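Subject: Structure for your files

Hello,

Here is the structure I said I would pass on. My notes come after it.

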2 protein chains.
Amino acid sequence: MTVRIEDVARAAGVSTATVSRALRGLPSVSAETQQIVRDAAAELGYVVSRSASSLASGRTLTVGLVTPYASRWYYATVIEAVERELRAVGYDALLVGVGASMTEDAEPFRAEVLRGRVDGLVILTAPLTGQELDGLRRLTVPIAFVGAGAPGAMSVRIDDLSVGRTATQHLLGLGHAKIAYVGGDPADRRNFAAPLDRRAGWLSAMREAGLDPPAPYAEISDFTAATGRQAMERLLELPERPTAVFAASDDIAFGVLSAARDAGCRVPGDMSVIGVDDHEISAAVGLTTIAQPVAEHGRLAAKLVLAVIGGDDSRRHEHVVLPTSLVCRETTGPPR
Amino acid sequence: MTVRIEDVARAAGVSTATVSRALRGLPSVSAETQQIVRDAAAELGYVVSRSASSLASGRTLTVGLVTPYASRWYYATVIEAVERELRAVGYDALLVGVGASMTEDAEPFRAEVLRGRVDGLVILTAPLTGQELDGLRRLTVPIAFVGAGAPGAMSVRIDDLSVGRTATQHLLGLGHAKIAYVGGDPADRRNFAAPLDRRAGWLSAMREAGLDPPAPYAEISDFTAATGRQAMERLLELPERPTAVFAASDDIAFGVLSAARDAGCRVPGDMSVIGVDDHEISAAVGLTTIAQPVAEHGRLAAKLVLAVIGGDDSRRHEHVVLPTSLVCRETTGPPR
DNA sequence: CCCCGCCCTGCAAGCGGTTGCATTGGGGGG
DNA sequence: CCCCCCAATGCAACCGCTTGCAGGGCGGGG
């Protein structure tokens, strides 16, 4: 009932081998034969069977997209970009969610299920254990990490340390000295360095300015507005309130901002807030932030993986560090 | 080099047929044989070849996830939920982005590329043309729509008309009369009724209250904070400023809120704002909204598709309408 | 004690392409 | 004019698993 390659072959008056080659545009088929085959295929509405093709060739024309979340803006934006890039060249994106929970009891992700399923992998800054990573490597397909580096694989990321420094220096430049940080937990040992590096950047810039922020100024929150708000509420309780907050992401910053306003702080008069990402919403709400080219992360990662799949070994170990930029809007200003 | 079913068969001392059946837990294999095979497979680290399996059986164990966006919160949340539900039962999620642009010149989505690729489809409120939809139907796999209905397929959605009415009635109940709407373009003819229905609900509630909002009170914006802000800026220019705004989504509401505050409006004193979705950020920023169970949409859609794939024809035409609820927070209150 | 049936298992024919290798037909050089 | 080589095709052997059908063994009923 479905039209097979043999049907096309018959219609075009050639062998199935020629049809296979012609439709893939292999050079060993004469231009005219190619045209004949193409026409016949189009006429019959032929579509190659992906499974048959994969089975025979070993290629899946699919790239796995491994991610702990699909719903957070950063991840979602990268995912969208990767999918688009892949689709443009005829590749499919297989979405693979891995346990987002940082808890130890979560069952580990079994990379084996991907064996033979994908030609390459794009891994979004996932909190994977060394074991899980090894499993992925054992797949022996090109892997590109996004938002995190990993030895032996490609990566696309930003310089998180510098992000932390830039954000903090912006605040320092405005005259702030009591600058707090809200972000990731340094006790977290997973493969998720971004929040830690941003925190380190903050600390380094502070120290460089001769300041030594008290411990309570380093607040812990995961990358959500809700926990950002809670962290800010704690900061506002402090006897020595900070005058500015560097949030490790815009999402966190939204929560911080909201808590500040609810506490009667004027922004930026009483409280300056800066985030990281340049979230889609940030421009609309006037949040000052360190912008990073999120979609570009995805695009590049996809391109790298595709290149290596295509045989370009020269890029096999490429590590791209994308530029970030300070975007000044209305949530930062000089302290009172 | 890779371990094949034959290797397992040899190790277990049975035929490949038995291995195949045993690993899938078919009842026609004795319990002890099953155990022997399982052990042998585990021992060898055997993983079934998906392509071979698909080719032979016609099943792909994959469900396509068709979406115009992956990065917007609503879509991303549904996607995450669908993926999780699928993975839990061993199915893969194939992400398929379709042209999000509403423009006519965008090249149409060719459903044929999915032929033989998926066992089912979850389609997120996509602006598909009738032709594109027909192409999908021709795949003859179970299809569940999310956020939009479609004749002849399953669907999971909310009652958008009622959402519009509830939101508006909340505002009316607080004493507002000058209530504006910010949302989708009624000129848009694609398969995307939600914003239109919400608008209709607003209008109906207004009329029911004996009010007839002037045309400029119906502002157009797509589902982003940026355009929501612009729409609000226009509303604020009006000689007769509204005292409340019903935004068709929380994203829009964020833009609206921001514009209002920047214009010096106190919220909710001078301006009440209500959205729709209960976006992840909404709780943190205190946005009053009509909550809908977004992840539940995805979960249910996946379940429906899986059920029909599993042969449960009774659900083939199921249309689920999920409940919504008013969540009162700090952005709505009585007018001055 | 024999025969019938039921359980399990094995056989082998696909599923629909891909590709190494052989084959065919010309064209150009000696 | 003959031979060699290259370009374009065809042949057929897989790729690894599923499944209809047949076969073998064993328990129970007649």
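This is a predicted model: local features need pLDDT of at least 70, side-chain atom pairs count only at pLDDT 80 or more; totals for chains, interfaces and linings use all residues.

Chain B, helix pair

Helix α1 (residues 5–12) of chain B packs with helix α3 (residues 31–44) of chain B at an angle of about 125°, and their axes are 9 Å apart. The crossing of α1(B) past α3(B) is right-handed. On the α1(B) side, the contact is made by Asp7(B), Val8(B), Ala11(B) and Ala12(B); α3(B) brings Ile36(B), Val37(B), Ala40(B), Ala41(B), Glu43(B) and Leu44(B). Sorted by class, this contact has eight nonpolar and two charged residues, with no polar ones.

Chain A, helix α8

Helix α8 (residues 194–208) of chain A has 15 residues and spans 21 Å from first to last C-alpha, close to the 21 Å expected. Its buried residues include Pro195(A), Arg198(A), Trp202(A) and Met206(A). The elements that the buried residues of α8(A) pack against are α7, β6, β7, β8 and β9 of chain A. After α8(A) comes Gly210(A), with a positive phi near 80°.

Chain A, Leu211

Leu211(A) sits in the loop between α8 and β7 of chain A. Leu211(A) has 16 other C-beta atoms within 10 Å and is therefore partly exposed. Beyond neighbours within four places in sequence, Leu211(A) is in contact with Ala177(A) and Met206(A). Its C-alpha is separated by 71 Å from that of Val19(A), 192 residues away along the chain.

Regards

How values were computed: Residues are numbered from 1 along each chain as its sequence is written. Chains are lettered from A and ligands numbered from 1 in the order in which they are written. Axes are lines fitted to C-alpha atoms, for helices over the stretch in contact, and angles run from 0 to 180 degrees between N-to-C directions. Helices (H or I, at least four residues) and strands (E, at least two) are DSSP runs, numbered from the N terminus. A crossing is left-handed if the near helix is turned anticlockwise from the far one by less than a right angle, and right-handed if clockwise. Two residues are in contact if their C-beta atoms, placed from the backbone, lie within 7 Å. Ala, Val, Leu, Ile, Met, Phe, Trp, Tyr, Cys and Pro count as nonpolar, Asp, Glu, Lys and Arg as charged, and the others, Gly among them, as polar. The expected span of a helix is 1.5 Å times one less than its number of residues. A residue is buried if 20 or more other C-beta atoms lie within 10 Å of its own, exposed if 12 or fewer, and partly exposed in between; C-beta atoms are placed from the backbone.
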